[in-house]
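Please open the model in your viewer and keep the selection panel at hand.

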Amino acid sequence: MSNQTVYYSAPRRLLHWIVAVLLIAGLVAVESHEIFPKENPLRGGLVSLHFQVGLLVFLLVWPRLALALSGSKPPVNPPLVPWQATLSTLTHVLLYAAMVVMPVLGLLAVQMNGNPVTLLGWELPAFTGVDKDLSRTIRGIHETIGNVVIGLLVLHIAAAVWHHRFLKDDTMVRMLPPKK
Ligand code: HEM
Ligand code: HEM
């Protein structure tokens with residue numbers, strides 16, 4: 001089976017795993033910041049880390065989208081049954097949409113609350129005026145979709161492990177460095 005595996009291209013694999021690390025780190029950071037009391041600088045640091053990695057994901061999603069839309073998806077061997085192929089495509093589309101929409105909502109929520117957002121030390125221009133009520137609403141939407149994203153990722157990662165360990169197809173291997 002493995003000698004017939006068609007791998008994702010190196011740029012697609014690299015970007016997938018860089019974004020996976022960033023996005024999961026950002027989620028762990030925002031979900032754990034409340035462990036620390038308000039006066040502990042780690043609390044604010046974790047929220048800032050969430051902003052930074054979210055903005056980096058926003059930068060990296062564009063080359064990923066360009067690569068995904070310009071190339072075809074390598075076939076899985078043995079082929080997926082139709083419902084699995086449909087569900088996986090739907091999950092990937094939703095994850096891509098989240099990588100575009102979530103950073104925008106997050107940025108707007110923070111700036112509308114009157115707070116600056118920096119990326120790698122550079123303060124971003126204000127894309128919006130201050131509107132605290134709207135900021136609260138957008139933040140609520142961001143948090144709700146954020147929890148859906150966590151659910152999608154649990155499904156995504158569980159599916160990857162299930163295909164690898166139990167169905168023993170090459171879904172996961174295609175996303176790893178090719179065996180020489
Ligand atoms: C792909 C990118 C992103 C994802 C998946 C994401 C996801 C999440 C999640 C799951 C939460 C916690 C929800 C909860 O507590 O119920 C959250 C909170 C938050 N996010 Fe994001 N986020 C992203 C990017 C950003 C960016 C770029 C910013 C701002 C520049 C931002 C600003 C916020 C804020 C202000 C909160 C509330 C934090 C608090 O509770 O104090 N997010 N986000
Ligand atoms: C430990 C974590 C992860 C594992 C094991 C994993 C595994 C995989 C595997 C095996 C594939 C190929 C699936 C296929 O071709 O049908 C894939 C594709 C994909 N994964 Fe993940 N993934 C992880 C984290 C993430 C995260 C955090 C995201 C965030 C958005 C993500 C987004 C995607 C997308 C959009 C694809 C479609 C292929 C592409 O265009 O790059 N993955 N993943």
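A polar contact here is a pair of N or O atoms within 3.5 Å; within protein, one must be able to donate a hydrogen and the other to accept it, and residues adjacent in sequence count only if both atoms are side-chain atoms. This is a predicted model, where local features need pLDDT of at least 70, side-chain atom pairs count only at pLDDT 80 or more, and totals for chains, interfaces and linings use all residues. Residues are numbered from 1 along each chain as its sequence is written, chains are lettered from A and ligands numbered from 1 in the order in which they are written, and side-chain values use heavy atoms, with hydrogens and water left out.

**Stop one: ligand 2**

Select Arg174: one of its polar side-chain atoms sits 2.7 Å from an oxygen atom of ligand 2. For Arg64, the distance from a polar side-chain atom to a ligand 2 oxygen is 2.8 Å, and for Tyr8 it is 2.4 Å. Helices H1 (10-32), H3 (82-112) and H4 (132-167) each give two or more residues to the shell around ligand 2; helices are DSSP runs of H or I with at least four residues, numbered from the N terminus.
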